[in-house]
Amino acid sequence: MTDLLALSVFGVDWQFLKPFIVIGLAFGGVYALSGVGLVVLYRATGVLNLAFGAIGAAGALIAYYLINHTSCPEWLAFAVCVAAGGVVNLAYGMVFGPAFARRDPLVKMMGTLGLALILLGLMAWRAPAGGAFARFLPLPSSEHRYDILGTSVSLTQIIAIVLAFAITAAASIFLRVTKLGTAMRALANDREITATLGVPVRRVEAAAWFGSGLACGAAGLLLPDLLTSLDYTALTFLVIASLAAALIGRLQSLWATLFGGLAVGLAQSVATPYASISAYRSAAPFVLAIAALLFLSRHRVVTVSRAGA
Amino acid sequence: MRATKTMIGGAAVGACLLALMLAGWATGAQAPVGSGKASAKKSVCGLGTGKKATGTPIKLGGIDMLIPGVDFTTIGKTAKAYFDCVNDNGGINGRPIKYILYNEQLNPAQEAALARKLIQTDKVVGVVGNTSFAECGTNWKYYKSKGFVVIGAGVQAECYSTPSFAEVNAGPRYSNIGAAQALIKAGIKKLAIASPDTISAYADGGAALLAKKAGVPVKIFPTHLPVTDATSQLIQMYQFVGDGGGILLDFTPDTAPAFMKAAEAQGIVEKVKWGSSTPIANTFMSGQFSPKWDGHLWIDNEFSNVDPSVGPDSALMFAVLKRYAPTIAPQAFAQMGYLAGKFATNALLSIKGPVTAKSYNAAVINLKNQKTDILCKPYYVGKLPYHIPNNTNIIVDYKNKDVVVKNGCTAIAAVDKSVAQTRIWEKKFNLNTGK
C-alpha cells in the first residue's frame with residue numbers, strides 16, 4: 001500500500017494525480033452523456049447535432065434566471081433546464097427535420113450549426129457576458145463531499161459518472177427491447193423501407209429528438225456545477241468533447257461512446273500536471289477521435305478509382 | 001345640474017394640469033448631476049453649469065475589447081456616461097462631446113480598421129477610453145504617426161512602453177507586482193500566478209521577477225479563456241504552492257469567480273494567501289464571496305476603494321453612473337472610464353482657440369498634476385517616450401460583504417527599469433508633485 005502511495009506516474013506523484021482523475025471522470029461522464037444523446041439522435045435521424053452544447057447552455061441559463069429572478073423552487077428550475085433541452089431539440093427536429101430529411105448528412109449537420117449560432121446570439125443578447133455578476137448554477141449535490149482513496153469527491157461528480165453509465169445502459173436496452181427502439185434502429189438502416197412497413201417515421205423521429213434533447217439538458221445542468229461557473233460560451237463549445245466521444249463510438253456504439261467520453265475527460269484533466277503537454281490538453285478530444293477512427297478503420301478496404309480510366 | 005357637472009369636470013381637469021405642472025416644476029428644480037462650482041470638496045462634470053450644450057459636437061472615440069470571458073466595454077461606457085454629464089453641464093464651452101465607442105473581438109485587423117475609421121472617417125479629435133488585450137500593440141505606431149495620445153486603460157506592454165498611450169490604470173503587470181509584493185510581505189513561501197494566456201508573459205513577468213529576487217519559488221500558469229477547467233488548474237497551483245503559499249489570480253470579474261468557487265469547493269480558501277490584480281476589488285464581488293474569503297485576500301487596487309465617501313470624484317462617479325449608466329455597477333473598470341472621461345474633458349477645456357485633433361492632443365500632452373481622490377497620486381501625461389502615471393497602489397481585502405483597505409498607498413516595486421525612470425521624470429518635470 002505504501003508503495004502504491006509513493007507511486008510516480010511519468011514523474012508526477014500518484015497522490016497529486018488522483019484529484020485530476022476524479023475531475024476527468026466527472027467531465028468525461030457528462031461528455032459521454034451528451035455523446036450518447038448525439039449517437040441516439042444520429043442513429044434515428046441521420047442528424048449530427050452541433051447545437052447540443054448551445055441547447056444545454058440555454059437550458060442552464062433559463063434555470064439560472066428562474067432561481068435568481070423568480071420565486072421558482074430550485075428543483076423545478078433544474079427540471080425546467082432538462083425539459084428545455086428536450087423541448088428545444090424537439091422543436092428544431094419537428095420544424096426543420098422534414099425539410100432536411102432527404103438532404104445530405106453534411107447539410108443536416110450545418111442546419112444544427114445554424115441553430116447553435118442562433119441560440120448563442122440569443123443568449124448573448126438576453127444575458128450578455130461580463131457586467132457586474134458572474135453567473136453560477138450550483139447544484140445542492142456539490143455541498144456533499146466524500147473522501148474516496150484520499151481524494152475529495154463531490155456528489156455532483158459521482159452523479160455525473162453514474163448517470164453516464166445509467167443512461168447508456170438504459171438507451172441500449174431501450175433500443176434493443178422496446179418497439180420504439182426497434183423502430184429507431186430500423187430508421188437508421190433505411191428510412192424509406194421503414195416508412196413503407198408502416199412505422200410512423202415522424203413520431204419515431206420526434207421521440208429521438210426529444211429523448212436526446214433531455215440528455216443534452218441534463219448535461220447542461222451538470223456542467224455549470226462542474227465548471228464552477230455558468231459561462232454559456234464555454235458550455236456551447238464543450239460539444240466538441242461530446243462529438244469526439246460520439247466519433248470514438250463511430251456514431252453507432254453507445255458503450256464505445258461512453259468509454260470514449262470518459263477517455264476524453266480523463267485525457268484532458270490528467271494532462272494538466274504535466275507541464276510539457278498541459279498547454280495542449282484542449283486538443284485531447286481531436287487527438288483521441290482521430291486515433292480511434294484510424295484504429296477502427298485499419299482493416300477497411302480502400303477503393304480508389306480514376307475518372308475516365 | 002349640467003353646470004355642476006361641467007364645474008366638477010373642469011375642476012378635475014384643472015387639478016390634473018396643476019399636478020402635472022407641479023411635477024414638471026419639481027423635476028426641473030432638481031439639480032442636475034455634476035453641476036455647481038468645483039472645489040476641493042466637490043467635483044463637477046466639466047464646467048458644471050447645469051445647462052445643456054447645444055453647439056456643434058466635438059467628436060471623441062474609443063475602442064474596447066469584448067470577448068467571451070472578458071468585457072472591457074464598461075470602461076468606454078462609463079467614459080460616455082461622464083461625457084453625457086459634461087454635455088448636461090455646458091459641454092466644452094457650449095459644444096457637446098459626441099463619443100463614438102466601438103467593440104473589437106481581440107482581432108488585430110479589426111483593431112487597425114477601427115482606429116483608422118475613428119480618425120479618418122469619423123474625424124474624431126481624440127481617442128479616449130480604449131482597453132484591449134492587443135489594441136495598444138496593433139495601433140501605437142498609427143496613433144503616433146497621427147500625433148494622437150490615447151487616454152485609456154492599458155493591458156499589454158505597448159500601453160506602457162510607447163508614447164501613444166497615457167493610461168489611467170497601472171495595468172495587470174504592475175497590479176500583479178503590487179499584489180505579489182504584498183503577498184511576499186505577508187510571508188508566502190511559494191507563489192503561483194495565473195493570467196489569461198494572451199497576456200500572461202507580460203502580465204505575470206514582473207511579479208515572477210519580484211518573487212525570484214525575494215527568493216520565493218514562482219510558477220506561471222497561463223490560462224486559456226473562456227476557462228473550462230478552473231478546478232484542475234487551481235489544484236495544480238495549490239499542489240505547487242502548498243499550505244501557506246500564495247496564489248495570484250489576474251482575471252476580470254467574468255473569470256475570477258470560477259477559480260474562487262473552485263477554491264471553496266476544494267476547501268483551500270483558508271490554506272492559501274490569495275493575491276489578485278485590481279478587477280475583483282469591488283463590492284459586487286465581495287458581496288458574492290464574503291465572508292468566506294474575508295482576511296484571505298491581498299488585492300492590489302490601482303485606484304481608491306470603490307466608495308462614494310472616499311472623496312468628491314468617487315461621489316460624482318457614483319452619481320454619474322446612477323443617472324447616465326444605471327446598468328453599470330461601480331467597480332474598477334468604471335473608475336477607469338470615469339478618469340479617462342474626466343482627464344479628456346480637462347484637456348478639451350484647457351484648449352484656447354479651435355478644437356482640432358492637433359490642439360486636443362497637444363492639450364493631452366500638457367496634462368499634469370491632475371488631482372483626484374480615485375488615484376493615490378495625481379495623473380499626468382507629459383512629452384515622454386512612455387507613460388506609467390499610475391504606479392502607486394493600495395491593497396484591499398473583503399470584510400462583511402464590503403471591500404476594506406488592508407495597506408494604504410504604496411509605491412509598486414520598481415522591478416522594471418521603466419518604473420524607476422518614470423519616478424525620475426515625475427520629480428524632474430514636476431508631473432505629479434503638485435508644483
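## Notes on the two-chain model

1. Let me start with Leu191(B). Leaving aside residues up to four places away in sequence, Leu191(B) is in contact with Ala180(B), Leu183(B), Ala211(B), Val216(B), Val218(B), Val241(B), Gly245(B), Gly246(B) and Leu248(B). Please keep in mind throughout that this is a predicted model.

2. That residue also stands out in the nonpolar core. The largest such core has 237 residues, and Leu191(B), Val320(B) and Ala340(B) are the members that touch the most others. Its largest share, 18 residues, is supplied by helix α2 (residues 14-45) of chain A. As general background, nonpolar side chains tend to be buried together in soluble globular proteins.

3. On confidence, the model has an ipTM of 0.75 and a pTM of 0.80. The average pLDDT of chain B is 91, and 93% of its residues score at least 70. One stretch to treat with care is residues 16-29 of chain B, where the pLDDT is below 50. Beyond near neighbours in sequence, that stretch makes zero contacts in the model.

4. Now the interface. How many residues of chain B are in contact with chain A? There are 25 of them, and they meet 26 residues of chain A. On the chain B side, α7 (230-241) and α8 (256-266) each supply at least two residues. The largest share of that side, seven residues, belongs to α7(B). Sorted by class, the chain B side holds 11 nonpolar, 10 polar and four charged residues.

5. Helix α2(A) packs against helix α12 (residues 254-270) of chain A at an angle of about 145°, and their axes are 6 Å apart. The crossing of this pair is right-handed. The contact of α2(A) with α12(A) is made up of 17 nonpolar and 10 polar residues, with no charged ones.

6. The second pair is helix α4 (residues 74-100) and helix α9 (residues 201-227), both of chain A, whose axes come within 7 Å and cross at roughly 145°. Here too α4(A) passes α9(A) in a right-handed crossing. Their contact contains 15 nonpolar, nine polar and one charged residues.

7. Phe251(B) sits in the loop between β7 (246-249) and α8 of chain B. Residues up to four places away in sequence aside, Phe251(B) touches Ala256(B) and Pro279(B). From Phe251(B) to Tyr102(B), 149 residues away in sequence, the C-alpha to C-alpha distance is 23 Å.

8. Trp425(B) belongs to helix α13 (residues 417-428) of chain B. Trp425(B) counts as partly exposed because it has 18 C-beta neighbours inside 10 Å. Apart from residues up to four places away in sequence, Trp425(B) touches Leu384(B) and Leu431(B). The C-alpha atoms of Trp425(B) and Ala214(B) are 27 Å apart, and 211 residues separate the two along the chain.

9. If you plan to check the backbone, please look at two cis peptide bonds in chain B. The bond from Leu225(B) to Pro226(B) is cis, with omega near -5°, and Pro226(B) lies in the loop between β6 (218-223) and α7 of chain B. The bond from Ser290(B) to Pro291(B) is also cis, with omega near 10°. Pro291(B) is in the loop between α9 (283-289) and β9 (297-301) of chain B.

10. Finally, positive phi values. Lys401(B) is not a glycine, yet its phi is positive at about 70°. Lys401(B) is placed in the loop between β10 (392-399) and β11 (402-411) of chain B, and it counts as partly exposed, with 13 C-beta neighbours inside 10 Å. Asn430(B), another residue other than glycine, has a positive phi near 50°. Asn430(B) lies in the segment after α13 of chain B and is partly exposed, with 14 other C-beta atoms within 10 Å.

Terms used. Residues numbered from 1 in each chain as written. Chains lettered and ligands numbered in written order. Predicted model: local features only at pLDDT ≥ 70, side-chain atom pairs only at ≥ 80, totals over all residues. Core = buried A, V, L, I, M, F, W, Y, C linked by C-beta atoms within 7 Å. Buried ≥ 20, exposed ≤ 12 C-beta atoms within 10 Å, placed from the backbone. Helix = DSSP H or I, 4+ residues; strand = E, 2+ residues; numbered from the N terminus. Contact = placed C-beta atoms within 7 Å. Nonpolar A, V, L, I, M, F, W, Y, C, P; charged D, E, K, R; others polar. pLDDT = per-residue confidence, 0-100. Axes fitted to C-alpha atoms, helices over the stretch in contact; angles between N-to-C directions. Left-handed = near helix turned anticlockwise from the far one by under 90°.
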